[in-house]
Amino acid sequence: MTEELHEIRLRVNGIVHTVSVPARRLLSDCLRHDLGLTGTHVGCEHGVCGACTVLVDGRPMRSCLMFAVSAAQHEDITTVEGLAGPGGEPHPVQRAFAECHALQCGFCTPGFLTLIAGYLEDNPDPSEEEAREAVSGNLCRCTGYQNIVSAVQRAAELRTAEVVGGPARAAEEAPAPQPHSEGGHQ
Amino acid sequence: MSTRLLGAPVQRTEDRRLTTGGGSFLDDLGSDACAAAFVRSPHAHARIRDIDVMDALDVDGLIAVYTYDDLTGPMAEPLPLLIPHPSIIDGRTPYALAREYVHHVGEPVAMVVARDRYAAEDAVERIRVDYEILDAVVGVEKAMQADRIVHEGMADNVAAHLVQEVGDAPAAIGAAPNTLELDLEIERSASIPMEGRGVYARWDSARGGGLRLYSSTQTATGVRAAVAAKLELQLGQVEVVVPDVGGGFGLKIVHPWPEEVMVPWAARQLDREIKWTEDRREHFVASAHERGQQQRVRVGFDDGGRILGLDVQILHDNGAYLPYGVIVPIVTSTQLLGPYKPGAYRVEFHSLYTTTAIVTPYRGAGRPQGVFAMERTMDAIADHLGKDRVDVRAANVIKPDEMPYDQGMLFQDGRPLIYDSGDYPKMLRMITDLVGWDDFEEYREQARAQGRRVGIGLACYVEGTGPGPYEGGHVQVETSGKVRVATGLTSQGQGHETALAQVVADKLGVPMSDIEVTTGDTRRMGYSVGTFASRGAVTSGSAVAMATVRLRDKVLKIAADALEADPGDLEIIDGRVQVKGSPAQGMELGTVAVLSNPLRYAFDAASAAATQFSGAADYDRPPVPEDEAPGLEGTDFYSPLRCTFASGAHAVIVETDPATAEVRILRYCVVHDCGNLINPTLVEGQVHGGVAQGVAGALYERMAYDEGGQLLNASFMDFLMPYASEVPRIEIDHLETPSPLNPLGVKGAGEAGVIPASAAIAAAVEDAEGFRIDQMPISPSELFHLRRRHARGEIASVPRRPAHRSLTKEN
Amino acid sequence: MKPSAFTYHAPTSLDDAVRVLAEAGPDGKVLAGGQSLIPMMNMRLAAPAVLVDINRLPGLDTVRVDTGGVRVGALVRHTDLEDDAQAARTVPLLRQGLRLVAHPVIRNRGTTVGSIVHADPSAEMPAVLALLGGSMEVRGPSGTRSVGAADFFTGPLETGMAEGEIAVSAYFPRPAPGSGTAFVEIARRSGDYAMCGVAAVVTLDADLRITAARCCYISVAPVPLVVDMAEAVVGAVPASADLSAAADLAADRIEPEDDIHASADYRAHLARVLTERALAEAAEAALRETAGPGPHTTGIGAMR
Ligand SMILES: Cc1cc2nc3c(=O)[nH]c(=O)nc-3n(C[C@H](O)[C@H](O)[C@H](O)COP(=O)(O)OP(=O)(O)OC[C@H]3O[C@@H](n4cnc5c(N)ncnc54)[C@H](O)[C@@H]3O)c2cc1C
Ligand code: FES
Ligand code: FES
C-alpha cells in the first residue's frame with residue numbers, strides 16, 4: 001500500500017521548487033523537510049500557536065493547516081528565510097526584533113516575523129494597541145510579548161524610514177519610545 | 001577607553017541566526033533520520049494484557065516495532081530516581097516502555113520506527129493493546145484517602161513524607177494572642193515550552209561503537225551519564241550535543257525521559273539514525289506538570305501582626321512517578337518563608353502518587369505555591385487586625401543588618417538556608433511607591449463612582465538561586481585572536497551566549513564580536529550539571545569569569561616575556577596587549593596565542609613566529625616551562641558554598657467586571673533584586689516572560705483532569721496559554737544588592753517573574769470583590785460562582801481595608 | 001499529529017467536484033480553507049479516505065452585493081468578506097461577526113461558507129446566517145437547491161446537507177430598513193470560541209419605536225439559536241425597553257452545558273448579560289441608521 005505521490009511546483013522565497021509529495025504532506029513539513037527551510041517551526045499542528053506562519057501570496061497563514069498540494073495553487077510563499085532584502089540586508093522587523101530583545105529562545109520568532117512583515121504591508125503605522133492586537137494570534141512562551149509589541153512599532157519606524165530615506169536614515173532614528181505604562185491594555 | 005560591558009544592555013549575539021531562520025532546533029537536524037513514534041496508554045491506570053502488532057507490520061515505511069519484551073539488561077530496569085532524598089518512602093519511576101502496568105494517560109507502551117513520522121503514526125494507529133482497566137486516582141484528596149492505590153505493592157499513595165521544624169510552632173501558635181487557619185490551593189499547570197521535547201541519535205559502529213545524541217534538554221552531561229548507563233556504554237563513547245532549545249522552563253531538566261533512552265537504544269539496534277520530535281498532544285500528556293498543591297496554614301501572631309508561629313501542612317500531587325524526587329515540595333517548604341522571620345516554624349508534606357502525568361519543577365518550582373500560602377496569610381493577618389497589608393509585611397521582614405540570615409533549615413541543595421544579602425524594607429518601599437499604594441483608595445473611590453470595581457494586591461518572595469554543585473568555564477584564544485568560550489550548561493533562550501561573552505569581553509579586554517560561546521556540548525565541556533534553579537549566570541557566569549582571569553594571567557605572562565615588560569605594566573584593550581601609557585608597544589592577542597604554543601613546523605606566517613629558530617630562546621628552560629601547558633586557554637570551575645538569595649515584590653491593580661466577572665489587569669508592577677545585573681535587558685526579558693507565565697497560572701492555565709484521569713484540555717485550543725492580548729504591560733524597578741558569595745556579585749533571575757503572580761493577583765481580585773480568594777487559578781466562571789456563594793453568605797467578606805498605613809515610609 | 005493518507009482530488013469544475021464527491025460516498029470530504037478540517041485530520045479525529053479540494057473551482061471566490069443582501073461564494077475567505085466595504089454597508093452584521101472569528105491569520109485562509117457548513121454551535125457566522133434568516137445554496141448530483149438557515153442547522157456539526165453535496169454560496173439578506181445589528185461575545189482569550197455570544201437585530205419605525213427584535217445565541221445551544229424578542233420589547237422606544245424581559249425570554253430557550261471553561265449557570269448568566277448588551281448596541285445602531293448619516297445624539301444610555 002504505497003502512497004501516491006503528487007509532483008508539485010512551489011515558489012518559495014522567489015525560487016521555484018519541484019517536489020514529489022504525498023497528498024497528506026503538510027506545507028509546514030514540506031517546507032522544513034522536503035525543501036530544507038527549517039526556519040518555519042512547528043509548535044502545535046492545530047493552528048493555534050502560529051510558529052508555522054508563512055506568507056502565502058503576501059498573506060500570513062498557518063502552514064500546518066495547509067497541504068503542500070493545495071499550497072501549490074498559490075503564486076508565492078515567503079518564509080522567514082526569504083524576508084531579507086535582495087542584498088541580504090535584514091528586513092526591518094528582523095532588525096527590530098534584535099534591537100528590542102523581542103525574542104528569547106527564538107522558537108516562535110519566525111512565525112512572528114512573517115506575521116508582522118505581512119501586517120506592516122497593510123498597516124504601516126500601528127499604534128501600541130494595534131501592534132498588540134496584530135501579534136495576538138501567535139503564542140510566545142518566553143518573552144511576555146512586551147518587547148514583541150515594541151518591536152512591531154520599531155519595525156514600522158524602520159520600514160517607514162527605509163521607504164523615505166533608505167536604510168542609512170533608518171539606522172539613525174531614535175530607539176522605539178517606551179509607550180507609557182498606566183492604564184493597562186484592552 | 002574600555003567601556004564596561006558588564007551591566008550594559010548589550011544586544012544579543014544569538015539573534016542574528018534566530019531572526020533569519022538560521023537557528024538549529026532539534027527537529028531541524030537529521031534530515032535523513034528515520035522517525036520514531038510511540039503507542040501511548042489511553043488509560044490512566046491499567047494492566048497490559050496483550051500487545052498485537054500484526055496489523056502494523058504491513059504499513060508502508062515501517063522499520064521496527066519495540067515493546068518492553070525487547071528490552072534487556074539496564075534497559076529493562078526502571079529509569080533512575082534522579083534525586084534520592086531520605087523522605088522518600090517508596091520511589092517509583094517508569095520503565096522505558098511500560099512493563100505490565102500503565103499509570104497515566106500518555107505513558108509509552110510501544111515504540112515504532114518508520115521512514116517518516118506519517119508512516120510511524122500509521123503504524124501506531126494499527127497496534128492494538130488489550131488493557132485491563134484499573135481505578136484512576138486523581139487529586140490529592142483521593143490519593144490521601146487511599147481507597148484506590150496507584151502502585152501495585154503499596155499500601156497507600158504516599159511517595160514521601162517530611163516534617164521540618166524550627167522551634168516549637170504548635171506551642172508558639174497555642175500561646176499567640178491571635179490565630180488563623182487557612183486552606184490555600186494551587187492547581188496543576190505546566191511549563192509548556194513552544195518547542196516540545198526531542199531526541200536524535202546517531203550510532204557509529206566503528207571502533208567499539210560510539211553514540212552521538214542530540215537532545216532538547218537542560219542538561220547535556222546528565223543525559224550523557226544516564227544514557228551511557230542504560231546502554232552500558234563508557235562516558236567516552238557518548239557525546240551529547242544540545243542544539244538551540246525552544247524553551248524549557250524546568251521541564252527539560254528531567255532526564256532521561258523514556259524516549260531519550262529508547263531512541264539511542266533503537267539507533268544502535270538498527271544501526272540507523274533515528275529522531276523523535278514530540279508533538280503537542282504528546283507533550284501535554286507525556287511530559288511533566290507542576291504546581292498542584294493543597295496547603296493548610298495555621299498561624300499565630302501578636303497584635304502588631306508579627307508572626308510568632310507558623311504551621312503548614314502540604315499535600316503535594318507528584319503524579320504517577322517520582323523521577324525527579326521531591327524537590328518541589330522541599331522548595332515550597334523552605335521558600336514559603338520569603339523575606340520574613342516566622343518565629344517558630346513547622347512544615348510537613350505528603351508527596352502523593354496519582355494516575356496523572358509526572359510532576360517535576362516548572363519555573364518557580366514550588367515557590368509560587370509557597371508564596372501563595374505565605375502572602376495570603378499576611379493579607380489575612382492584616383484583615384484580622386484591621387491593619388494595612390504593607391504594614392504587616394513590614395513588621396515581619398528581615399532587616400538588612402540581620403544579613404546573612406539563617407532560617408535554620410536545609411535547602412533544596414542540601415545546604416543551610418542562609419540568606420546572603422537583600423534589603424527587604426527598601427524593596428517594600430519601592431514597590432509601594434511604584435504602584436502608588438497610598439493613592440489607591442482615592443482611585444478606588446473614583447472608579448466606584450463610575451460603577452467600576454478595582455482592587456490592589458501585592459506579594460513578596462525570596463528565591464534561592466545558583467545552587468551547586470558546580471559549573472565550569474573554558475576560555476581559549478585562537479591564533480586568529482578569536483576567543484572561544486565553553487560552559488557545560490545549556491541555554492533555552494536566556495541569552496547565555498551574550499551574557500557569558502560580556503563577562504569574557506569585560507574581564508579579558510576583547511570585543512564582543514571576537515567571542516563565540518558554546519553551551520551544552522559534552523565535546524567542549526564534559527563536566528557540568530545543568531540549567532535549572534536560576535543558576536546559569538551565577539554558576540557558569542562565575543566559572544567563566546574565573547577561567548578568564550586565569551587566561552588573562554597567562555596572556556600577560558607570555559606577552560610580558562615577549563615585550564620584555566612587567567606583567568603588571570600591561571593592559572589588554574580591544575584584543576591587544578600593550579604597555580600602559582605606551583600603546584605602540586604591544587602585540588595582538590592572536591600573536592600571544594601563537595607564542596603560547598611552541599611549534600616545530602610552520603604552516604603560515606603567524607605560526608612561523610613560534611618555531612624553534614624564529615628568535616631568541618632561553619636555553620636554561622624547556623620550550624614549555626614546567627607547570628605550564630601549551631596553548632592559550634584557561635579553565636576553571638565555580639562551586640558555590642550555597643545558594644544566593646534573590647528577592648522581589650509584585651503589586652497588581654485589577655478591575656473585575658461587575659456583570660461578567662472577567663478580570664482585567666490594569667497595572668502590573670515589579671521590584672526585582674537579582675544582585676548585580678550582567679545585562680539589564682536580558683534580566684527584564686526574564687521578568688517579562690516570568691510574569692506572563694505567572695498571569696497565565698493565575699487567570700488562564702490549568703490541567704483539567706477528569707475523575708478517570710483523562711486530561712480534558714490537551715491542546716492549545718483548551719489549554720489557555722495567553723496571547724499578547726491577555727498579558728499586561730509590566731513596569732519594573734531594579735534593586736541591586738550584590739551577592740557576597742560569587743565573584744560577579746550576581747543572583748539568579750530566571751524564575752523570579754513567575755513566583756508571586758498568583759498571590760498578588762488573588763490579593764487584588766479579593767480586594768476588588770470583598771471576599772477571600774484562597775484558590776488559584778480563577779476563571780470568570782469561578783469568580784461568578786464565588787460571588788453567588790458570597791451573596792448567599794457562604795463565604796465571608798473581607799473587612800473594609802484601612803485607607804492609610806500606620807507604619808509609613810520610615811521603615 | 002500527522003493526518004492519515006487520503007486520495008486527493010482538486011477538480012477545476014463544480015460538476016467534476018460534485019461527481020468525485022458523489023463517487024467517494026461517505027468516505028469523501030470537501031476541503032475548503034482547512035482551518036477546521038485539517039486540525040481534526042492532524043489529530044486523526046477525522047480521516048476521510050477521499051478529499052475533494054474545492055480551492056481550484058472557478059467563480060466561487062466572489063462576494064455579490066445587491067439591494068436585497070449579500071451572496072458569499074464558497075471560496076470567499078473570512079478576511080475578504082470582512083474587508084468588503086459594500087458588503088459591510090449592506091449587512092453590517094457580517095463584519096461585526098467576522099471580527100470575532102479566530103484571529104486574522106486564520107481568517108486569511110478559512111472560508112465563511114466552510115464555517116457555516118462546519119456548523120460548530122460556538123461559531124459566529126452560522127449565527128449571522130441564522131439571525132438574518134439567510135440561506136445556503138448547495139449543489140449535489142441531482143442539482144442545485146437552496147436551504148434556509150432554519151433547516152440548515154440540525155445539530156452540533158450537523159447540517160441539512162446531504163452526502164455528496166457541496167455548498168456553493170451563502171446568502172445573507174439585508175435587514176429591514178430601520179434596523180441595527182450587533183454581535184457581542186465573551187471568550188476566555190482574544191480569538192477563542194466564545195463561552196457565550198449573542199447577535200442581535202433591532203428594527204425601529206419612523207417614531208423610533210421597536211417593531212422587531214431578534215437575538216441569536218452561540219455556545220449555549222446545540223445549534224445557533226434564534227429567539228424572537230418581540231414580546232418583550234416591541235412598541236417600546238429603545239431607552240425604555242425592558243431588556244431584562246428579553247433576557248428572560250432567552251433564559252427559557254437556551255440549553256447551556258458545563259465544560260472546562262464555564263459552567264452552565266455562568267453561560268446562562270452571560271446569555272442574560274449579553275442579551276441586554278447586544279440589544280442595546282443593535283438599537284443604538286438602528287437609531288444611527290434611522291437618523292441617517294451625520295452626528296446623532298439620542299440618549300440610549302438608559303438601556304445599558
Ligand atoms: C485556532 C483556530 C481558532 C478558530 N476560532 C474560531 C472562532 O473563534 N470562531 C469560528 O467561527 N471559527 C473559528 N475557527 C474556525 C474557522 O473559522 C474555520 O475557517 C471555519 O470553521 C471552517 O472554514 P474552512 O473554510 O476552513 O473549512 P474547512 O476546514 O475546509 O472545512 C470544514 C468542514 O466543512 C466542510 N466544508 C467546507 N466547505 C464546504 C463546502 N463549500 N461544501 C461542503 N462542505 C464544505 C468540510 O468538509 C469540513 O467538514 C478557528 C480555527 C482555528 C484553527
Ligand atoms: S504549528 Fe501551525 S499553528 Fe502551531
Ligand atoms: S522566544 Fe521562546 S517562545 Fe517566543
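Leaving aside its neighbours within four places in sequence, which residues is I761(B) in contact with? The views below come from a predicted model, in which local features need pLDDT of at least 70, side-chain atom pairs count only at pLDDT 80 or more, and totals for chains, interfaces and linings use all residues. Residues are numbered from 1 along each chain as its sequence is written, chains are lettered from A and ligands numbered from 1 in the order in which they are written, and side-chain values use heavy atoms, with hydrogens and water left out.

**View 1. Contacts of I761(B).** With those neighbours set aside, I761(B) is in contact (heavy atoms within 4.5 Å) with V652(B), I665(B), Y668(B), V695(B), A698(B), L699(B) and M776(B).

**View 2. The shell around ligand 1.** Ligand 1 is surrounded by 36 residues (a heavy atom within 4 Å), and the closest are V30(C), G34(C), Q35(C), S36(C) and T111(C). The site is shared between chains, because the surrounding residues come from chains A, B and C.

**View 3. Oxygen atoms of ligand 1 and chain C.** A polar backbone atom of G34(C) is 2.7 Å from an oxygen atom of ligand 1. In the side chain of S36(C), an N or O atom is 2.6 Å from an oxygen atom of the ligand. For A102(C), a polar backbone atom is 3.2 Å from a ligand oxygen atom.

Definitions and conventions. Polar contact = N/O pair within 3.5 Å; in protein donor to acceptor, adjacent residues only side chain to side chain.
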